[in-house]
Amino acid sequence: MPDQIVITEKTSQAKDVRAAVGSRYGDILPAEGHLFDLLEPEDVVPAWTRWSPILLRPEGLYGTRPAEGGNKAAKLKAIREALRTAKRVWLATDCDREGQLIGQEILEHYEYRGQVMRVLFTAQDSQTIRDAFGRAKPNAEYARLYAAAVARRQADQIYNLSLTRTATVILGRGARAVIGVGRVKTPTLAIVCKRELEIRNFVPVAYFEVVATAKVAAGQFQMRHAPQDRIVRRELAEAVAKAAQGFEGALAVRVEDKRQGPPKLHDLPSLQKLCGARFGWPATKTLEVAQELYDGQGKKIITYPRAEVRYLPESLINDVLRIVAGLRVGQSFSAMPVPEPPVIRKGANGTFHDRGLEGASHHAVIPNVNMVDDLREVWPRLSSDEKKLFDVIARAYLAAVMPDFRYRQTTVALDVHGFAFRAAGRQPIDPGWRAAFPDWQPAAEKDEEAQLLPALCNGETAQLENPVIEDKETRPPPRYNEGTLIEAMQNAWRFVDDEVLRERLKEAKGIGTPATRAEIIGGLKKQNFLIAQGKNIVPTEMGLSLFGILKQADPALVDPGVTAQLECLLDDVVVGKQEMVGAIDAVCDVAQRIIGKLKDGAVAGGHRLLGAAVGKEAGGRPPTPAMKRFVDSLARQKGIKPPPGYTKSGSVCRTFLDQNAPRKAGGQTAGKLGSKPASPAQLLFADKIAQEKGVVITDEAKAGSAAMSAWIESNLGTERGKRRRKPGHTQPKSTMPKWRGSKKGSGRRKPDAAAAPPTPAR
């Protein structure tokens, strides 16, 4: 038997390691993602089999047991047998926190006491792997990384299961499913629901701006009166236009030479946002394509894709010349004017920043230095999507070592009897890094700033002619797509009102992790809390109902800021600012406070009950014929396709109607189900149903008599169904929700949110 072994995270990784180092470091044994699950609460305390509103925190930590599914048992057996005789173990799992946990939890479970070396690599070509083995360090140096992973896993188990059981017992009376609460999943749902409610409640405001042509000696250009306090009365706009007609006055001209540095390199969230906007990719596809570029057979041309920061360590400055030379062999990059030597920017505003990597397991995504010389050979093997993504990554790297974009900014102001008219123009001096993106222009530069101004002198006279009043209207915030939702999760500080806390959370990494955010969103879709409509993500009525009830029960349940603070505490374990047990204590304290508040509300009778809203009937209740006719009518009028599944799902129908039905001046949906208004008797009956069931009468339902009939019929359907059932409380079908899902295929970690509906998620 060998006296040393290598443990990798998955089979494909084992093949790459074997190809790089052979059997020099012993047998190479792959795991399959996590080979151990945490024990369930009832495995630790038998009394916890019965669901009740308590904190499920055991003495010490939850123990582990072998995971099921896939080929996990056989792989675990092979590793267990090898550990009996091995004097040294080389952990060669992924370089992040989760990779540390996957490897080390095996050794902890079997109480292995031999020497353990940690091998970290951020690319999977043979040279990188050989170099990583050569500089391997004792695993003890990564104790904080392991402690952070354990803290996160234990805290999520306690928080998610405790609050899921509490919410189900207290708020879910009458429901036939578990109300899954997750430390990350629930605030993510809240982000989408809050935005949807903002849009639905948004009332557009008309306002006016005045544009006039300014004539000077060297030509003419457009000037605009657009005060910060908008003009909302047309007569005021007409007064401005009248004052501008034929006005002559001295221009205040300011000319500044400015420069702008390149954008930061990409991490996974920024790639997901860009690819979603540019290519229409869902976030999961961006990760899949990046993973193939990272470890695909015969590829391996980028570094580790699950990046969480956008900096590089200063040690990689030595690779710049080689990467640039390798990239410029390609036809797409050969004409880029990268200077010799390339521009090296250090610090927080630069590319190479060691302090910016503090607490991070890996750096920004860049081309793999050890494979750039082989790009000509690799390129034909790439799919069109892989070529697109590599192009994005390569251009970002080249831009990062190119000169600043330099331009001349001209701003012009004219005082017209107290009304300020302005114009701005931008003249490029040196494109610099923008040469890497020839077809790109920031949105801010596409309007007035894009106009070419004639030669102007400060104080010269201009005459205004042809003033025109432009009708404008305020717009609601846009709906999220997967990329912008992931960005919102990453920047959860924006949802915090306290200024001091906002500043602190800006340095945090948001809620969730780069590797799990896309799958958390996917899990919410599977649970029918979110649906995709085109490129956008919108909540279902069931999702909105759950959000409303949880928010009323305790706003902390759905507050992204609270979760972001907990993420900060968990991240502090990595850098030594927080002990593992202290971080778990902090999460448990928050969970205990929420449990107490939910119990107090139950005693006082102040909670709305979710009832059948999250039961099986909620997402599957069919729409009424009137609702389907309304959807068909709107789709024909607007020349769009009805949403998938609208003929079978009342929730899908309602969401489509809320988004597309025309609004009256008062914000109500214009009735297309019939011109006859809802009768007072209908409104009274509907109010009674709404009060009894704790639901909201939608604007679409109030639009007309037929729409109100449809709403009443759909909501009475649930009540009739209840009468047919036997009386008595029905326990949730799943009294032992599985916190962990089995890992199949590649063995990558799966977040809890991607599990079946009864499953609470991170």
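Author: Happy to! Keep in mind that this is a predicted model. Let's begin with glutamine 578: leaving out residues up to four places away in sequence, glutamine 578 touches Leu569, Asp572, Val573 and Ala583.

Reader: Okay, and where is the place of glutamine 578?
Author: Glutamine 578 sits in the loop between H18 and H19.

Reader: Is glutamine 578 buried, exposed or partly exposed, and why?
Author: Glutamine 578 counts as partly exposed, because its relative accessibility is 22%, and buried would mean under 20%.

Reader: What separates the C-alpha atoms of glutamine 578 and arginine 144?
Author: The distance between those C-alpha atoms is 9.8 Å, although glutamine 578 and arginine 144 are 434 residues apart along the chain.

Reader: New topic! Which residues touch the most other members in the largest nonpolar core?
Author: Those are Tyr159, Leu171, Leu485, Leu557 and Ile594, in a core of 72 residues. Several helices each supply at least two residues of this core, including H7 (185-201) and H19 (580-604). The largest share, twelve residues, comes from H6.

Reader: And what does the second core include?
Author: That separate core has 64 residues, among them Ile28, Ile129, Phe133 and Tyr397.

Note on methods
Residues numbered from 1 in each chain as written. Predicted model: local features only at pLDDT ≥ 70, side-chain atom pairs only at ≥ 80, totals over all residues. Heavy atoms only, no water. Core = buried A, V, L, I, M, F, W, Y, C linked by side-chain atoms within 4.5 Å. Buried < 20%, exposed > 50% of the residue type's maximum accessible area, 1.4 Å probe, protein only. Helix = DSSP H or I, 4+ residues; strand = E, 2+ residues; numbered from the N terminus. Contact = heavy atoms within 4.5 Å.
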